[in-house]
Amino acid sequence: MENFTGIILAGGKSQRMGTDKGMLPLNGKPFITHIYEAMKPIFGDNIVVVSSNADYDAFGYNRIEDLISDKGPVGGLYTALKQSKTKFNLVLSVDVPLVTTELVQWLVDNHDDSYLITQVQVNEKPSPLVAVYDRALRTLLGEHLAGNQLKLRDVIAEVHPQTLTVPEKWSNQLQNINTEEDYKKIQK
């Protein structure tokens, strides 16, 4: 899929978890590998990991560091879209290790090119880090960074996104694993 880049945002501080979530094992593989493997059939090697953690280099992934550090998802998205060579970019945060290729393909297939952002939602709760971002958003993200406005939801509100309700059969894939408790639940 040459007009898309897959992006994994793995730059968070993981304060609630206490360790880098992307490295947490699940069924014998780290979270980052589960996510990468869900994207690879669609994007091939056109996948970028945004993280300052050099430990990810051991996996052979294309890793880039934030252009402006410690700016959260807005900074990570800005970096990714600034480096991207494609109009469309499917973004997944590293804390959704249950995501499958089928869900990623569904999002790509249902994205309407007239929107700058296509995000998913489960139970009326939008997930802006399981979404398609148009590269043109790098300008708006840059403006927010310059003003130190770091709430991703504020950026999204300015562009009126397409929001897709995830089919019930895939809703469990969007569990954000942010705490020890969340992590224990998915290991059962």
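**View 1. The largest nonpolar core has 33 residues**. The model is predicted; local features need pLDDT of at least 70, side-chain atom pairs count only at pLDDT 80 or more, and totals for chains, interfaces and linings use all residues. Residues are numbered from 1 along each chain as its sequence is written, and side-chain values use heavy atoms, with hydrogens and water left out. A nonpolar core is a set of buried Ala, Val, Leu, Ile, Met, Phe, Trp, Tyr and Cys residues joined through side-chain atoms within 4.5 Å. Buried means under 20% relative accessible area, exposed over 50%, and partly exposed in between (1.4 Å probe, protein chains only). Ile8, Phe43, Leu90 and Leu92 touch the most other members of this core. Elements that each supply at least two residues include strand 1 (4-9), helix 1 (31-43) and strand 6 (88-93). Helix 1 gives the largest share, seven residues. Helices (H or I, at least four residues) and strands (E, at least two) are DSSP runs, numbered from the N terminus.

**View 2. Ile8 and its neighbours**. Contact means heavy atoms within 4.5 Å. Leaving out residues up to four places away in sequence, Ile8 touches Ile32, Ile35, Tyr36, Met39, Ile47, Val48, Val49, Val50, Leu92 and Val94. A second, separate core has 23 residues, among them Leu9, Tyr78, Ala80 and Leu81.

**View 3. Ile68 sits in a loop**. The loop lies between strand 5 (62-64) and helix 2 (72-83). Ile68 counts as partly exposed because its relative accessibility is 36%. Residues up to four places away in sequence aside, Ile68 touches Tyr78, Thr79 and Leu145. Ile68 and Lys40 are 28 residues apart in sequence and 27 Å apart in space, C-alpha to C-alpha.

**View 4. Aromatic pairs: seven in the structure**. Rings of Phe, Tyr and Trp (its six-membered ring) pair if their centres lie within 6.5 Å; planes under 30 degrees apart count as stacked, over 60 as edge-to-face and the rest as tilted. Why is the pair of Phe59 and Tyr61 stacked? The ring centres of Phe59 and Tyr61 are 5.4 Å apart and their planes meet at 15°, so the pair is stacked. Phe59 is partly exposed, at 32% relative accessible area. Tyr61 is buried, at 12%. Trp106 and Trp170 form an edge-to-face pair, 6.0 Å centre to centre with 65° between the planes. This pair links distant parts of the chain, 64 residues apart: Trp106 is in helix 3, and Trp170 is in the loop between strand 9 (162-165) and helix 6 (180-186). Both Trp106 and Trp170 are buried. Ring pairs also link Tyr36, Tyr56, Phe59 and Tyr61 into a cluster.

**View 5. Strand 7 is mostly covered**. Six of its six residues are buried. In a regular strand the side chains alternate between the two faces of the sheet. Ile117, Gln119 and Gln121 point one way from strand 7, while Thr118, Val120 and Val122 point the other way. Two strands pair if DSSP finds at least two bridges between them. Strand 7 and strand 8 run antiparallel, joined by six bridges. They form a hairpin with two residues between them, and Asn123 in the turn has a positive phi of about 55°. Strand 7 and strand 9 pair in the parallel sense over four bridges. Which residues partner Gln119? Gln119 stands opposite Ala131 in strand 8, and its bridge partner in strand 9 is Thr163.
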